[in-house]
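Q: I would like to learn how to read a structural model feature by feature, with the general idea set out before the particular case. Could we work through it together?

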Amino acid sequence: MDIHSIQLDQLKKWLEDHGEKAFRAAQIFDWLYKSLVDSWDEMSNLNKALRTRLVEEFSLRSLTLVGTEESSDGQTVKYLWKLHDDKLVESVLILAPGRQTVCVSSQVGCPARCAFCASGKEGLIRSLSAAEIFEQVYRIHQILSKQGQRVSNVVFMGMGEPLANYDNVVHAIKLLCDPLRLHMSERRITVSTVGIVEGIKQLAQEDMKVNLVLSLHAPNQHIRKKIIPFARKYDIEDVLSSMIYYAKTTSRDITYEYTLLKGINDSVEHAIELAALVKDHPCTVNLIPYNPVDGLNLKRPEKESIEEFKATLENKGVVVTWRYTKGKDIAAACGQLALKKNQPKLVSLGSC
Ligand code: SAH
């Protein structure tokens with residue numbers, strides 16, 4: 001059993017069933033989440049026999065770190081993890097003044113198969129468990145704590161579609177926010193989705209108010225379904241209505257991500273159409289110029305045309321941000337480090 005997804009009460013019961021005192025559970029949680037120890041042996045106030053039992057029953061780690069890559073400015077670090085079944089996933093740590101953000105993966109591969117994204121090239125391989133998701137943050141948190149820092153923000157923008165692994169993602173968020181564990185604020189957690197309508201509505205009903213990002217990428221259904229095969233299932237209007245429902249129900253602002261692809265969704269006409277589509281939404285549109293992925297015949301628009309696209313939206317009253325892509329030299333996007341290990345070819349930059 002994985003120790004990170006167990007409830008305190010479950011652990012108390014297990015201890016009592018094994019002739020131990022229930023208060024040991026709180027001690028174990030303190031070792032894990034306050035002292036951030038790496039091994040059972042470091043839990044020095046537990047007797048040896050109990051530690052041996054714990055080793056036999058619970059796994060402390062479901063991820064093995066098999067590689068890291070750091071950008072030349074040291075501000076972005078990519079972690080490649082091996083899972084128990086030898087599958088690979090990755091997380092990215094993005095450092096900014098006062099902010100240590102971990103971009104986590106929710107699945108191995110991705111069912112969305114967006115035309116520009118490296119993660120979905122081979123489709124979905126499997127979903128991650130709550131512990132496998134939680135542990136990506138926990139392990140980086142352990143590493144940062146040695147430098148006197150902590151993880152401040154988590155974004156579900158690594159490999160996978162979080163709402164296609166709904167239960168485990170919600171469980172992982174609860175573990176991250178658990179006061180006995182990392183005690184993160186829900187406001188510092190962001191879920192990015194390709195737009196699964198029922199998942200967005202269900203998330204709105206949860207007892208948690210995370211930030212929600214929609215990967216919109218198109219000003220109409222016709223272009224959207226070309227870029228995102230998965231989006232054929234959902235009408236763009238229904239997706240946007242579910243986002244507004246989320247914003248209203250949770251009182252959180254929402255973000256629409258728009259990856260700019262030259263000649264596909266980047267014209268001034270597209271900007272005008274997009275502005276009309278999101279008019280009156282409590283949203284920010286986040287423009288991401290396409291980051292080339294090896295083997296894909298797509299292009300990033302010129303800087304001038306991105307600026308024109310942005311200005312057109314702004315003139316129509318849309319709030320726009322233009323995401324500066326960090327970690328360019330280490331291929332910091334979703335899916336890319338894992339792909340690089342699996343295949344001999346280096347896949348270049350993405351988005352996290
Ligand atoms: N499946 C979720 C989570 C993936 S998030 C979603 O679709 O939102 C990754 C974000 O990075 C998405 O907005 C995605 O569209 C963007 N992205 C992925 N590859 C990219 C690339 N090569 N260039 C620019 N943006 C990319």
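Q: In which strand is T101 found, and is T101 buried or exposed?
A: In this predicted model, T101 is found in strand β4, which spans residues 99-103. A relative accessible area under 20% is what the word buried requires, and T101, with 11%, is buried. Once residues up to four places away in sequence are set aside, T101 touches V92, L93 and I94 as well as N153 and V155.

Q: How should I read the buried side of a helix, and which residues of α3 are buried?
A: An α-helix has 3.6 residues a turn, so residues three or four places apart point the same way. In helix α3, made up of residues 48-57, the buried residues are L50, R51 and L54. They are on the same side of α3 because the arc they cover around the axis is only 100°. These buried residues pack against α1 (8-17) and α2 (24-33), whereas the face turned away from the buried side carries K48, A49 and E56, which are exposed.

Q: What is found at the start of α3?
A: There, a side-chain oxygen of N47 comes to within 3.2 Å of the backbone nitrogen of A49.

Q: Where does F23 lie, and what does its accessibility make it count as?
A: F23 is located in the loop between α1 and α2, and its relative accessibility of 47% makes it count as partly exposed.

Q: Which side chain makes a polar contact with the side chain of N211?
A: N211, which lies in strand β9 (residues 211-215) and counts as buried at 17% relative accessibility, makes a side-chain to side-chain polar contact with R252 at 3.1 Å. Neighbours within four places in sequence left aside, the residues in contact with N211 are E186, R187, R188, I189, T190, V191 and R252.

How values were computed: Residues are numbered from 1 along each chain as its sequence is written. This is a predicted model: local features need pLDDT of at least 70, side-chain atom pairs count only at pLDDT 80 or more; totals for chains, interfaces and linings use all residues. Side-chain values use heavy atoms; hydrogens and water are left out. Buried means under 20% relative accessible area, exposed over 50%, partly exposed in between (1.4 Å probe, protein chains only). Helices (H or I, at least four residues) and strands (E, at least two) are DSSP runs, numbered from the N terminus. The arc is that of the directions from the helix axis to the C-beta atoms. Contact means heavy atoms within 4.5 Å. A polar contact is a pair of N or O atoms within 3.5 Å; within protein, one must be able to donate a hydrogen and the other to accept it, and residues adjacent in sequence count only if both atoms are side-chain atoms.
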